[in-house]
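Dear colleague,

Please find the structure below, followed by an account of what was found in it.

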Amino acid sequence: ELTPHLGRPLVSVFLQGTRDPDQSVRASSLSNLGELCQRLDYSLGPLAQELSSCLTALIKTEKEAEVRRAAVHVIAQLLRGLSDKTTQVLRDVLLDLYRALKWVVRSDLDEVAVLHAQLALEELDDVMRRFIFPEQKLEKKIVVLP
């Protein structure tokens, strides 16, 4: 219940944790960030650009596989948590996140990171299919003429 109110300071703290010299702290910060982002919904909107920049930079430059895995997993959790709201909340950064996931699938040597990226891409595919082809409802209308 307090997540939307306390989310912004917590996101800042976890993003700072991603710069720690210890890989365990970086991975833990990303894990906590993923759990928090799943619950933020629309409150995440103003932080989307900063979050996207951090995650894509970690995915492409981090040497430790555990941290790259965690960064990819944050994106998967983010997509899973936002679900149908993804296109509204992440509209400015969705393409960057997609490109980062595709980069992991194509060029990361860690099989677990690649698996996480494939799962995130499947989640994104589901979201985009629901966005482009919304569920159609069949309705019958009965009109009584005077």
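T87 touches L94, V127, M128 and F131, leaving out residues up to four places away in sequence; contact means heavy atoms within 4.5 Å. T87 lies in helix 5 (residues 86–89), where helices are DSSP runs (H or I) of at least four residues, numbered from the N terminus. With a relative accessible area of 14%, T87 is buried, a term for residues under 20% relative accessible area with a 1.4 Å probe, protein chains only.

The model is predicted: local features need pLDDT of at least 70 and side-chain atom pairs count only at pLDDT 80 or more, while totals for chains, interfaces and linings use all residues. Residues are numbered from 1 along each chain as its sequence is written, and side-chain values use heavy atoms, without hydrogens and water.

The largest nonpolar core has 40 residues, of which L30, L33, L44, L51, L78 and L90 touch the most other members. Such a core is a set of buried Ala, Val, Leu, Ile, Met, Phe, Trp, Tyr and Cys residues joined through side-chain atoms within 4.5 Å. Helix 4 gives this core its largest share, 10 residues. Beyond its neighbours within four places in sequence, L51 is in contact with L15, L33, C37, L44 and L78.

Helix 4 and helix 7 pack at an angle of about 20 degrees, with their axes 9 Å apart; axes are lines fitted to C-alpha atoms over the stretch in contact, and angles run from 0 to 180 degrees between N-to-C directions. The two helices are therefore roughly parallel, the term for angles under 35 degrees.

Note on methods:
Buried < 20%, exposed > 50% of the residue type's maximum accessible area, 1.4 Å probe, protein only. Parallel < 35°, antiparallel > 145°, perpendicular 65-115°, else oblique.
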